Amino acid sequence: MSGALVEARALTKLFSVGDGMFRKSGATIRAVDGVDLDIRERETLACVGESGSGKSTLGRLLIRLIEPSSGSLSFGGNDLLALGSRALRQRKRDMQIIFQDPYACLNPRMRVEDIIAEPLVSHDVGRGKSERRDRVAALMDLVGLNRGFMSRYPHMFSGGQRQRIGIARALALDPKFIVCDEPVSALDVSIQAQVLNLLEELKEKKKLTYFFISHDLSVVRHVSDSVCVMFLGKVMESGPTAEVYAKPLHPYTMFLVSAAPRPDPRQRFVEKPILQGEIPSPVNPPSGCRFRTRCPFAAPLCAEIEPPLAGRGPDDERRVACHFPRA
Amino acid sequence: MMTIAKTRLGVALALVLAAGTAFAANDYVKIAFTSDPGTADSQLTTDWYAIPLNIYDRLVEAQTTKPGVSELVPGLAEKWTPSADGLTYTFNLRKGVKFSNGETFKADDVLFTFDRMLNPATKALNTDFLDMIAGASDRMAGKADSVSGIKVVDDYTIKITLAKPFAPFIANLATPAGSIYNRKATLAAGDQFGIDPKKTVGTGAFTLESWVVNDNIQLKANPSYFRGKPTLGGIDIKISPDANTQRMQFENGELDVLDLDNATSQIPYFLGDAKWKSQIASGPRVGIYYYALNESIKPLDNVNIRKALQMAIDRKTILDKLYNGRGALENGIFPKGLLGNNPKLPVIPYDPKKAKDMIAKAGFPDGFDMEIAQVTDSPSTLKINEAVQAMLAEVGVRVKITQMDSASYFATRKEGKLPAYESSWSADYNDPDNFIYTFFSEKNTVARSYNYGNKDVFAKLESTRTMTDQAKRMSIYQALEKTIVQDDAAWIPLFSLEHLFVLQPRVKNFKVSWNGWSDMPYFGITLTK
Amino acid sequence: MSDTQGDTRRETAGLLEIQGLKTQFRTRRGVVPAVDDVSVSVGRGEVVGIVGESGCGKSVTSLSLLGLVTHPGKVVGGSALFDGVDLLTLDNKGIRAIRGRDISMIFQEPMTSLNPVYTVGQQVSECLRSHASGVSRKAARASVEEMFEMVGIPEPRARLDAWPHQLSGGLRQRVMIAMALICKPKLLIADEPTTALDVTIEAQILALMKDLRRDTGTAIMLISHNLGVIAETCDRVYVMYAGRVMEEAEVFELFDSPTHPYTRGLLASMPRIGGERGPRKPLYSIRGNVPDMQQLPKGCRFAPRCDFAMARCVESEPPLLDASHATGNPGGKPHLSRCWLAEASGAGGQQ
Amino acid sequence: MSDLTLGPEVAQTLPEPVWKEIVAAFARNRLAVVGLGILLIVAFVALAAPLLAPYDPYKVKLGEQFLNPSWNHPIGTDMFGRDVFSRILYGTRISLLIGLVPTLISMTIGVILGLVSGYFGRRVDFLIMMLADMVLSFPSLLLAMIVMYTLGASLLNIFIALSAVGWAGTARVVRAQTLALKNKEFIEASRAIGTKDIAIMLKHILPNCLPQLLVLFTLNIPDSILSEASLSFLGIGAQPPAASWGLMVAGGREFLFNAPWVAIAPGIAILITVLAFNFLGDGLRDALDPYLKS
Amino acid sequence: MGRYIIKKLLISIPVMFGIMLTTFFLLNVIPGDPIALMMKDHISVDVVARVRAQMHLDDPVFIRFFRFLGGALHGDFGISYKLNRPVSYLLATAFPNTLALALSAALVSWIIGIPAGILSAVKRYSLVDNFFMGFSVLGVSMPVFWTGLLFQYIFSLKLHLLPVAGFKGPLYLIMPAIVLGWSSAGTIARLTRSSLLEVMRNDYIRTARAKGLREIAVVVRHALKNSMLPVVTVMALQVSGLLSGAVITESVFGIPGVGRIAVNAIQNRDMPLLQGSVVLTTFLVIIGNLTADIVYSWLDPRIRYGNPEGKK
């Protein structure tokens, strides 16, 4: 494919439920189920979905933090899954991840300096302590942290600052690709804006490519060039963000977009469609289309045949997995 | 699941309650053992004779006439006649004796009993007491179906022929190992003999009444005992493994007799206590305390070293300080009260200076290291070892005390590899053979880790056994004793001690057995109300 | 400290009148004035929103009302008249009688707010039976079932015997709402009721709350950090920051013409779904961080982060000032703002 | 996650051992402070035993057995005329050694196996936990006894026996903690960076187990001391004439009546020391409570 | 549930096998001759050699082990060398005594430990806390045999209230049960306390309070049941601890139980008896764990009605 930095085909991850002793006896969850994905260089692809949709798992698969059960994955044209552990470790310099929880993602028993320097140490970058310290200081400047706080422990920082530490750590090895796993959802609104702006700025400066995972549709709208909507391990719809939001093709996308509360009191006078029911169990997903049990437009066909993710519009830019796409 | 647990609890409590009904009647004398004997079959134990002594009789009995003195008296045999060559003994048996199952005692029972001991299927441990009978070795080796030397003449006469003359044969038969069983009952009992109280049948003054393993054994008076009904209602034996617990049970009135062998450390207390000092029964033990020296370990192979060690131990102080002086120093092998005891033996002096000199002359001017082994959890042994450790340190001998669990200890000793150790031996039967042969015969000296090597002594020990001339035998034994202890310094004799018991005031007629054993017959002892 | 002088609102025969509430946490590192002189009123049947970022004291305000602040927190001042009774002076027994019956609460985490070892039916009926003695088990069960139906729990009868872990997050929150409403309270305090839920479920719960409010007339105090939730649900809104109320206004007024720089900043920093803003354009962001509650600035608590801060702001803290004139809404519902800019003179000059 | 005692909004930071706070929380617990005080004294006594003890604790004087407590012998003498007071002072050393060494050994083993088991999971985990189950399924005293018999009674072998018995508990705790930590985002972050497994275990997981290990450590020490006493009761503990408290109690129990001090004094020494460790451990557990969970 | 139990039992088979193998081999690498031990001073080399051969004691150790194992699979654990009775009989008679002791001791530990734990959790850092925790921890801090000795001294010899030793009725059980139970009460109290403190921090406690429940109802109804969950697990782990303690207690109080049998078996190299005891005690511990699991699930509906889908 043309110029895609990350290319996933039929990527699948199964998790077995139950204890580790008798794995066979447990049921399996198809957390990510046959996902095709292209992320172009310097693009932000957002992945949006509710809990259990497999978006975080997908993010981890893309940088091979967890091993896929099947499917293929390439990074910069190279088969990522073919790499041995040593080569993979080398490869990891190019891809990083930023986590959701600014508290859990930093080891409470390490100094900020050591946290940010850990990638340098692991990859033996930089000679000596002082050189590394310089690089850490530069990274802290880059993400807007006071370099004087280098020897503090994470708990002395606020959530936003911790998220900056996490970002600095992710940038330490000059990666090309960063998976942002709900990087702002644990932050307050005012801090969220700061971090989003920082990510945007870094993307320009460092020529980064983002895979941006979020459940917050307005954040996604803001940061992404294109978006994929996931539901129970499957991509339901994908395409340029503005178009998808303006004209959702999949009923699920439509409900998602309309459900998000907006800071506008007049919205209360707008009759909004509300999606009924609960998210089905991932162990026993519904037959056919996984969304059909909640879909008000479901037809008998939906229970029988699973709709493929089919291209629509010019260049197949938009894709949707629905037998009866809207509009 | 819950209900199961509840039922179990219920069952357990019910059992506890049920056990409560088995309280011994008040006319039972209450005594204690430190561990369960495991069997009442005297052929299968070499160690636990208290029950056999009370529930069986033997052809001949060793009766205690005075403290430390015994004589052989008729038991189930009214009379025995040795042949002139000392090879054949004819026993005339007592008539009208009944086993507790009602069977009448006959010569066949004797034949059966002795054959059973030698029958390899029995796996008997006490064969040494009968292996001098003609044909015994063939029977033991499985080469014969019967023992050729035992012949029933009629119901009340039996003839036993020995392979070689063996002077202490009759005394041998008076040991608990010579207990007589009933053929019918014993065969019927099979492997339950000596275990199941109902199936364990003897002619003795008591019968086995109940046996709760590790807890309690009760013997009941046999009303039709041929010597008359015992005055005791029975014997209640508690298994109380912890000596200290036993002692508290005694003080709390839960025991009638406290064997101070189980609580040697308490002797000073009881001797000094106003309430108890008059309640102490004591008797000399026909037994000797000694240190064994392993001659295969350097420098104990050097006779002068061994002599020096004999002189370096202040036996008097040990006797006085650790045993309250209740005993006598011994200088040979045969302790006081044993046939052949030689009071004229030269005294081994306590002379640390000379000892040190001798050690230096033997090539150890700086002394040497040696090891003393003992079993774990034996505070009395430890006490004496620690004292000796201190005394030998004075002459430059550095002693390491090694404690081993008893299984390792006895196994190592059997291999002849145990270092020096302290132990005691008391008489099974009143004959010097029981001592000197046990320690210094060729096969036993290795098994007891002396590794004594005087071939001349070995030969004499074998030949003297077969002598019938009692006086001559004794003089040879005394000569050998002198050679072994005084010339060869093969061991270090220490002393003989008294055996002390404390009794509740209600216990009367308590007589310490002639040999000073803890295991003793209780026939004749009475309880006041 | 004398901010009540600027308080013009005295007219409400309100259901709840919180005046000058102060709640502190005494920690090793010092005293945290988590709620500092907060006054909130709720009228009968009114839906009042309290919005603010984490740590601003919005939850502690509600917990303080019912005496649920636990060690080392302590209510140290103020009053809270509820139907004429000062909740803060009630003894344990008195406040217990109010809890769950007159005022009930639902919490953020429906996962952990239900006791895992009792069925949801038991837990809801326990609430009823502890307040209405003499309600038979059977009758309680029937009312619970009815309540379940009302809050939109499918198969209500079967769900009575369900264990919390068997229910999804949305259903659990419905159970919590049923529990809160079973005694027909006058006031429902909803503390971040949808924060832990997925967007589609959140929409369901918000819709449910709107319906319930319409049907039961229960007043609601809705606590949230989400301006969207507040905008769509509330009648009147309090904006809190660092333990203080910064702005109070009727909801349309607040979103149309926010006067406090903090409120304005918050609104501006929100990315919007329908926004025309291009994706590359940075968001407005309030600089800096929430102040350390142990070392609060001397003047306005927002001053260090405020783009409009003046010398005066650093010097002295403004009281809640009437800002209605500044928004062209004089004489309407009260609009108060803790900002010197809201003073009649200076307010108009700023946009 | 948040510490609710502070209210959901106030507790902004992840609980993190801030030494001042831990010390303060610890100081609130009077028993723990008393325990710590006692242990400091015990440690001092252990170090200074030769200076404090009026007599040679091993000197046998057969003429001076069972002397009553007096100015010359504050706690009297024992069955060999040795000064009980001096023996108890010296016993501090052995008993602390018996408390510390096996605990250190067993915890080191337990930590390594627990880390490996929890981190790598699967077969290794299955095997290690099976082994731990074996150790835990058999009464520890009997197991220690068998080991003691196998190796022979000596101080070194006590260390080995108690370690052989004691590691399993630690392994389980560390494993559970490792499992809980393994999926933490900071561990994931480290893996994403490409950090080696061993470095992750040592740099990330182990330090986060330390509060638990500290508590476990203080509570395992008294267990070791008591186990040795039990082994001594069975005759396979420390070997005479060592002045181990366990041995002194076991040996002195025979003289409870005529010379009660011989058994009671070392018993009280054990009691006080073990109690102090227990109080200290409980206090630490309490003070570290917010940091014990992952 | 049934599958769970079966699974647990299946896992316990290799565990039990491992313990048997280990103990068998450990006790065989050391010198120790049951026959020589039985004969002690009366040793006769010929007799020992003959009887050893007859009892197949000279066979290689693994042959003996598998011979034993073969018997064990058929329920035949052989005959004790020392006590001359079938191992199964000996254990069957000793087991109820140990069970009675262990259960009553466990009961004592709960009676002391649980209220102490609750009180000190509710009144944290108060004198009440200190007193009750101090009292329960005191039990853990004394060597069992020493406590036993003092009890015997005080209650039997001085006060004449209870018999010193023996096992002939409930009266005889009182002291050993208290001594042994007290020694594990501290563990229970500790755990109850920390577990209750932890539970009290949960959101649902706040919910319960917000409902207007009385504080006692909050603690008893809402906190206690939850906080007992980890306590139950420890109660099961107590089985092993109680059996260890029983070894000593049974010896001090002369109770004919499994602990003493096991100790004697080790001391006497009585392999059949030792292996039987190993199987029994291991089995007991496993049963204890299983019971805990079952009680746990009975208390915790999350497991009882665990959703097979494994949802969070």
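This is a predicted model: local features need pLDDT of at least 70, side-chain atom pairs count only at pLDDT 80 or more; totals for chains, interfaces and linings use all residues.
Residues are numbered from 1 along each chain as its sequence is written, chains are lettered from A and ligands numbered from 1 in the order in which they are written, and side-chain values use heavy atoms, with hydrogens and water left out.

**Chain B overall**

- You get 17 helices and 20 strands in chain B, counted as DSSP runs numbered from the N terminus (helices are H or I with at least four residues, strands are E with at least two).
- With a radius of gyration of 25 Å, close to the 24 Å the globule rule gives for 529 residues, chain B is as compact as a globular protein of that length; the radius is taken over C-alpha atoms, and the rule is 2.2 Å times the number of residues to the power 0.38.
- Along the principal axes, the C-alpha atoms of chain B fill a box of roughly 70 × 65 × 50 Å.
- Some 60% of the 529 residues of chain B count as buried (under 20% relative accessible area, with exposed being over 50% and partly exposed in between; 1.4 Å probe, protein chains only).
- Take the contacts in chain B (heavy atoms within 4.5 Å) between residues at least 6 apart in sequence: 69% of them join residues at least 24 apart.

**Domains of chain B**

- The domain assignment, which is automatic or from a database, gives domain 1 (28-234 + 505-527) and domain 2 (287-497).
- Where the two domains of chain B touch, domain 1 puts in 17 residues and domain 2 puts in 14 residues.
- The centres of domain 1 and domain 2 of chain B, taken over C-alpha atoms, are separated by 32 Å.

**Who touches whom**

- Eight pairs of chains touch, and the pair with the most contacts is B and E.
- Chains A and B share no contact, and their closest C-alpha atoms lie 24 Å apart.
- Chains B and C don't touch either, with nearest C-alpha atoms 20 Å apart.

**A spot in chain A: Pro307(A)**

- Pro307(A) sits in the loop between helix H10 (300-304) and strand E11 (310-312) of chain A.
- Its relative accessibility is 8%, so Pro307(A) counts as buried.
- Beyond its neighbours within four places in sequence, Pro307(A) is in contact with Cys289(A), Ala321(A), Cys322(A) and His323(A).
- Cys322(A) is 15 residues from Pro307(A) in sequence, yet 5.3 Å away in space, C-alpha to C-alpha.
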